[in-house]
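Here's a quick tour of side-chain contacts for anyone who likes their cut-offs spelled out. Have the viewer open and follow along.

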Amino acid sequence: MRRSVSMNTTATVLQVRLGRYQNALISLNTLLLVIGISMLFFGMLLITSYHMPRLYFLSHWLFTFPMTVICLGVLKVVFSIVGILSAASKNRYALLVYACLVACLVIPQFFSTYAAIRTKEETDESGFTRNDHINLFKTHIRKAFETNDQAALDTWDIIQEDLRCCGHGSGGTVHGYQFWRSASGNLTHSLPRSCCVKIAGKISHNCHWEDFFKDDEGRSFNAAKGKDTIDAAIYRTGCLTILDSIYHSEIVPLLQPGFMLTSIAVAVLEIAAVALAVGYVAVLKRREEKYGYAGENGQNDTSF
C-alpha cells in the first residue's frame with residue numbers, strides 16, 4: 001500500500017514537472033516566434049525603405065547585416081513552430097532535434113550583433129559623406145558606365161526616385177545633381193530621368209533632362225536660357241546627403257543600443273530554450289523508464 005502511494009506521488013511530481021516544462025517551452029517558443037516575425041519585418045524594412053543592400057559598394061556590411069537579420073528571422077519562425085509542436089506532442093526525438101537546431105542559432109545571433117556594430121560604424125558620424133565613400137560611389141558609377149552595367153545604374157535610379165535626390169552630395173555642398181555633369185563615363189550630357197520631379201506619377205514638363213549639361217553657356221539659376229534654371233523640376237540634393245541624414249536620425253539609434261541589446265537578449269533566450277528542451281527530454285525519459293508512456297489524460301496508464 002505504501003509502495004503504491006509512494007509511486008503515485010512520484011508519478012504526480014513527474015507529471016507536474018512535465019506540465020511546467022511543456023508550458024515554459026511553448027511560451028518561450030511563442031515569444032521567439034514573435035521575435036522571428038519582427039526580425040523579418042525589420043530586415044525587409046532595411047531593404048525596401050533604407051536601401052541597405054543597394055549600397056553594398058560602400059561597405060559589404062550594408063549587404064550582410066539586413067540579409068543576416070532576414071535569414072535569422074526565417075529560421076526563428078520555422079524552429080519556433082517546430083519547438084511548439086514538439087513540446088505539445090511530448091516527442092523526445094523531435095525535442096532533441098529542436099534543441100540542436102536552436103543551439104546552432106546562438107552564434108549567428110551574436111554575429112548579427114557584431115554586424116550591427118560594423119554597420120553602425122560605417123553609417124554614423126557623416127559616414128555617407130566621407131571622402132572615401134564619395135570616392136567609392138564615383139568609382140561604382142564609373143565602372144557601371146564603362147562596363148555598361150545597366151543593372152547598377154537602374155539600382156541607383158531606384159534610390160534617386162525613392163529618396164527624391166540626385167547624384168551624391170558631400171560635406172562641402174548638399175547639391176549632388178552636378179555630379180552627373182562630370183561623371184566619368186557619362187557621355188550623354190544628360191541627367192538621369194530619376195532626377196526629375198514627378199507629378200501624379202509622371203515626369204514634370206519642366207524637367208528637360210535630355211542633354212541637360214550640353215550647353216554650358218549662361219549656366220546659372222538666373223540664366224534666361226538653358227535648362228538649369230530655378231524653375232527646372234529636378235531634385236538637387238545629393239543622395240548621399242539624404243542617406244546620411246536619414247541613417248543618422250532613424251537607423252543608428254535603432255542599431256545602438258536597440259538592436260544590439262535585443263540581439264544579445266534573444267541569444268540568451270535561445271540558450272534558455274535549449275536548456276528547457278534538454279530538461280524536458282530528461283523528464284520524459286525518466287517517466288518512460290519508470291512508468292511507460294502517459295495516456296491522453298496525462299496520467300500513467302500502468303497500474304500499481
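This is a predicted model: local features need pLDDT of at least 70, side-chain atom pairs count only at pLDDT 80 or more; totals for chains, interfaces and linings use all residues.

What follows covers salt bridges, aromatic pairs and charges over rings.

Residues are numbered from 1 along each chain as its sequence is written, and side-chain values use heavy atoms, with hydrogens and water left out.

**Salt bridges**

- The model has 7 salt bridges, where the term means a side-chain nitrogen of Lys or Arg within 4 Å of a carboxyl oxygen of Asp or Glu.
- One of them joins Arg-118 to Glu-121, with 3.3 Å from N to O.
- Both Arg-118 and Glu-121 belong to helix 3 (residues 92–123), 3 residues apart, or about one turn of the helix; helices here are DSSP runs of H or I with at least four residues, numbered from the N terminus.
- Arg-118 counts as partly exposed because its relative accessibility is 25%, and Glu-121 gets that label at 47%. The scale runs like this: buried is under 20% relative accessible area, exposed is over 50%, and partly exposed is in between (1.4 Å probe, protein chains only).
- In helix 4 (residues 131–146), Arg-142 and Glu-146 sit 4 residues apart, again about one turn of the helix. Their salt bridge has its closest N and O atoms 3.3 Å apart.
- Arg-142 is partly exposed at 28%, whereas Glu-146 is exposed at 55%.
- There is also a network: salt bridges with shared partners join Glu-122, Arg-130 and Asp-132.
- Within it, Glu-122 bridges to Arg-130, and the closest N and O atoms are 3.7 Å apart. Glu-122 counts as buried because its relative accessibility is 16%, while Arg-130 is partly exposed at 27%.

**Aromatic pairs**

- The count is 15 aromatic pairs. Rings of Phe, Tyr and Trp (its six-membered ring) pair if their centres lie within 6.5 Å; planes under 30 degrees apart are stacked, over 60 edge-to-face, and the rest tilted.
- Phe-137 and Trp-156 make a tilted pair, because their planes meet at 45°, with ring centres 4.6 Å apart.
- That pair ties together parts that are 19 residues apart in sequence, because Phe-137 lies in helix 4 and Trp-156 in helix 5 (residues 150–163). Both Phe-137 and Trp-156 are buried.
- Phe-145 and Trp-180 pair edge-to-face, at 6.4 Å centre to centre and 85° between the planes.
- Phe-145 is partly exposed at 25% relative accessibility, but Trp-180 is buried at 3%.
- Which residues do ring pairs link into a cluster? They are Tyr-56, Phe-57, Phe-137, Phe-145, Trp-156, Phe-179 and Trp-180.

**Charges over rings**

- Arg-92 lies over the face of Tyr-93, 5.3 Å from the ring centre. For a charge to sit over a ring, NZ of Lys or CZ of Arg must be within 6 Å of the ring centre and within 35 degrees of the ring normal.
- Arg-236 has its charged end over the ring of Tyr-177, at 5.9 Å from the centre.

Conventions: Helices (H or I, at least four residues) and strands (E, at least two) are DSSP runs, numbered from the N terminus.
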